[in-house]
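Reader: I would like a close look at a single part of this model, taken slowly and with the terms spelled out. Please begin with whatever definition the description will rest on.

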Amino acid sequence: MDIQSHQFITFFDAKSAAKLAQLATIETFSHQAIIFEEGEIPDYLYLVLEGQVNFRKWIRKHHYQIVATAQPNEFFGEFGVLDGQPRSAQAIVCETATVAKIPRAILMEILEKASSEVVLKLFNYVIQRLRVTTKDYVQQVAYKEKMVLVGEMVNTIIHDLKSPLSGIHLSSGMIKELHEDEETAEWCELIQEQAQRMTSMAEELLEFAKGLPSLKRDRLNLYSALQRFQKLNGVYCTNAGVELRVACPETVEIYADEAKLIRVVQNLVVNAVEAFNQQEGTIEIQVTPRPEWVQITITDNGPGIPAEIRETFFESFVTHGKANGTGLGTAIAKSIIDAHGGTLFFQTSEDRGTTFFLNLPYTTETQNATTLPLQIAPSLPRPS
Ligand SMILES: Nc1ncnc2c1ncn2[C@@H]1O[C@H](COP(=O)(O)OP(=O)(O)O)[C@@H](O)[C@H]1O
Ligand SMILES: [Mg+2]
C-alpha cells in the first residue's frame, strides 16, 4: 500500500497528511532484519506498508518469545514515541517488510498543532488496542494458571511413577538375566524401553508446561528411528485393528532430537488410532527427502478432524469427542516441530481421512536464534 492511504496518515487533515507523508522515510527491510531492539530509546513511529513485523521479547540466550505482530495498515511504536520510554520488545521483520518511518520530533510538532478530531481518532485507536491488550492479557493469565496446574500435576505424577517404574525396570532386567533366549531378551528390552518412555513422556509434559522446549539434537537416521517406532507400536495398533505402514528410504538423515521427534509421530499416530474408534483402518507414515527439507507424512483413512476444532487445532487444551482428552498432544507436537525449525500442518476431510505434513530441515544448526512458538503462550499486547 502507499503511505497516503495508510490509516495513520488519514487521521490528519490534508496539509498535515501531506507533510507527514513527505517527511517520512520509506524503508524496505529483509527477512530477520531488526528494526529496533528491546530497550532502545524510541526515535520513530513506524507505519507498516507491506509485509509483517514480529515483536519478540528476549527470554534467555538465543531464545525469544514472539509476543505480537503488525500487518500492513497498522502502526507501531506510538507509546514509546509519546512517552519516551525504552522499547519493550525487539521488532524483527518476517520475510520482507516495507515501513514508513516518521521521526519523533516531526510527529510531536504536528500532533501539538493537530485538531481535537485527530487526537480523538488516535485516542480511539489506542483505546481499541488497549481493549485487545486487556483481553489477551486475561487470556494469558488464565493460560499460565492452567499450565502451572498441569506442571504441578505432572510433577506429582512423575514422583509417584518413579518407584513402580523402577520396579518394572528391575524385574524385566532380572527376567532377562534368568532367561537367556533371544526372544525373552528382546521383549524385556521392549518393556524397559517403554518404561523409560513413560518417564520421558511425563518429563516432556513438565517441560512443555514450563514453556521452554530444549532440544538434544544429533544426527538421526529416520529409517532406523521409524523401524523402532513401528516395532514399539505394532502390538498397540494391531490390538486396535489398525494397520501401521512405514515407508522410508534407508539413508535419510536429519539433525534432530530423536526422542522428541518420535514423540511427535507417537502423538499423531495415537490420535489417528483413537479417531478410528475401534473400527479397522490404516495409518501410513511416509518419508520423502526433498532438496531443502525432509517431508514426513502421516496419513490415516479415518473420519477426519472435526470441523469445530480445525481452526484452533494446534492450540493447547483443544480436544474433541474424547472422555479423557487433554488437548495437549498436538500442541506438544507443534512446539517440537517449531523448535526444530520445521513446519507442521494437515489436510483433512470426512471421506478421505487426515494427512499430517511434517517438514523438517536437514540441519537446523542455525546461527539464528530459536524463536519459541506462539502456541506456548497466547499473544501479548503489542509493544510500542
Ligand atoms: N487423525 C485424526 N483424525 C481425527 N481427529 C483427530 C485426529 N487427530 C486429532 N484429532 C482430534 O483432535 C483433537 C485434539 O488432539 P490432541 O491435541 O492430541 O488432544 P487429545 O488427543 O488429548 O484430545 C482430538 O481430541 C481429536 O478429536
Ligand atoms: Mg492426543
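Author: Buried means under 20% relative accessible area, exposed means over 50%, and partly exposed lies in between, with a 1.4 Å probe and protein chains only. Helices (H or I, at least four residues) and strands (E, at least two) are DSSP runs, numbered from the N terminus. This is a predicted model, in which local features need pLDDT of at least 70 and side-chain atom pairs count only at pLDDT 80 or more, while totals for chains, interfaces and linings use all residues. Residues are numbered from 1 along each chain as its sequence is written, chains are lettered from A and ligands numbered from 1 in the order in which they are written, and side-chain values use heavy atoms, leaving out hydrogens and water.

With those terms in hand, helix H9, residues 329-339, is mostly covered, since ten of its eleven residues are buried; the buried ones are Thr330, Ala331, Ile332, Ala333, Lys334, Ser335, Ile336, Ile337, Asp338 and Ala339. Just after H9, glycine 341 takes a positive phi of about 80°.

For comparison with other parts of the chain, threonine 98 is placed in strand S6, residues 90-103, and counts as buried because its relative accessibility is 15%. Beyond its neighbours within four places in sequence, threonine 98 is in contact (heavy atoms within 4.5 Å) with residues including Ile26, Thr28, Leu47 and Leu49. Glutamate 180, by contrast, lies in the loop between helix H5 (116-178) and helix H6 (182-210), and counts as exposed because its relative accessibility is 75%.
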